[in-house]
Amino acid sequence: MKKISIIIPCYNEGACIKENIENKVIPFLKQHDFNYELILVDDGSKDDTKKVIESIDGIVAISYLPNRGKGGAVNEGIKAASGDYIMFMDADLSTDLSALLVVRNKCSQYDFIIGSRHLKESVLPQKQPLIRQFIGYVCRCLVNLKFHFHYKDTQCGFKAMKKEIAKDIANKQIINGFAFDVEYLYYAKLNKIPVLEIPVVWINDTSSTVKITSSSIQFLKDMKKIKKNKKNYLLSETGIKDEQ
């Protein structure tokens, strides 16, 4: 059975991360007989997240200062991971854990799997506020247009990939913010790596502290950086010919 490394980036999650890991994630993984490695990365939190994750048994705890951003936390997790397949998901468990079963079932067939909140089969019991939905829609359109993607959702915080792919991406990654998801998918496109987009059950986190305006501006700036870094993502010369 393939070993799956599960990375959970954490920023100021001290109040809920222990509950989510000990009473939800670990029991689910054990119930379904996963061969797993659970890596929690404290992304320079201002609360007691570092202390809390270090108190959880059976996980790998990583912490650093200062705060880098979600992309930076995922990068650190990937570099520490030892699984055959490496994935990451959000600390608030907004993506239902059932998606883990899909990854395990499909990882032998697909090298890159991403969760999507916008496929017809996806279920969203609690949606984001309208303003966030609108901004998300605009960002999806801009990303798909700029990078010639055809994804329904590039920003769902649930992605998995073969170890060799994840390790190479981490070494070439330049984005620490939310646009790192786009960077990963651009790498896959340039290197002709097929990506499977799967439906998920997803519940909006009403406690999110993401600042819409500043995050959106930084996202657009990072898109330009990703595009300029194009040649550095290539495994070989073969991937660049179809990307004009």
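These legends describe close-up views of charged residues in a predicted model.

Residues are numbered from 1 along each chain as its sequence is written, and side-chain values use heavy atoms, without hydrogens or water. In this predicted model, local features need pLDDT of at least 70 and side-chain atom pairs count only at pLDDT 80 or more, while totals for chains, interfaces and linings use all residues.

**View 1. Four lysines form a positive surface patch.**
The members are Lys146, Lys221, Lys224 and Lys228. A patch takes residues with over 30% relative accessible area and no salt bridge, and joins like charges within 9 Å. Lys and Arg count as positive, Asp and Glu as negative; His and the chain ends are not counted. The place of a charge is NZ of Lys, CZ of Arg, CG of Asp or CD of Glu. Accessible areas come from the Shrake-Rupley method with a 1.4 Å probe, and for residues only the protein chains shown count as cover. Helix H8 (residues 212–228) gives the largest share of the patch, three residues. Helices (H or I, at least four residues) and strands (E, at least two) are DSSP runs, numbered from the N terminus. Lysine 146 sits in helix H5 (residues 130–147). Its relative accessible area is 31%, so lysine 146 is partly exposed; that class lies between buried (under 20%) and exposed (over 50%), with a 1.4 Å probe and protein chains only.

A salt bridge is a side-chain nitrogen of Lys or Arg within 4 Å of a carboxyl oxygen of Asp or Glu. Glutamate 54 is partly exposed at 49%. Lysine 50 is partly exposed at 41%.

**View 2. Aspartate 90 meets lysine 70 in a salt bridge.**
The N to O distance is 2.8 Å. This pair links distant parts of the chain, 20 residues apart. Aspartate 90 lies in the loop between strand E4 (85–88) and helix H4 (98–106), and lysine 70 in helix H3 (residues 70–80). Aspartate 90 is buried, at 19%. Lysine 70 is buried too, at 18%.

**View 3. Aspartate 181 and lysine 159 form a buried salt bridge.**
Their closest N and O atoms are 2.8 Å apart. Aspartate 181 belongs to helix H7 (residues 180–190), and lysine 159 to strand E7 (residues 159–162), 22 residues apart. The relative accessible area is 1% for aspartate 181 and 0% for lysine 159. The whole structure holds eight salt bridges.

Key
Patch = residues over 30% accessible without salt bridge, like charges linked within 9 Å, V, L, I, M, F, W, Y side chains within 5 Å.
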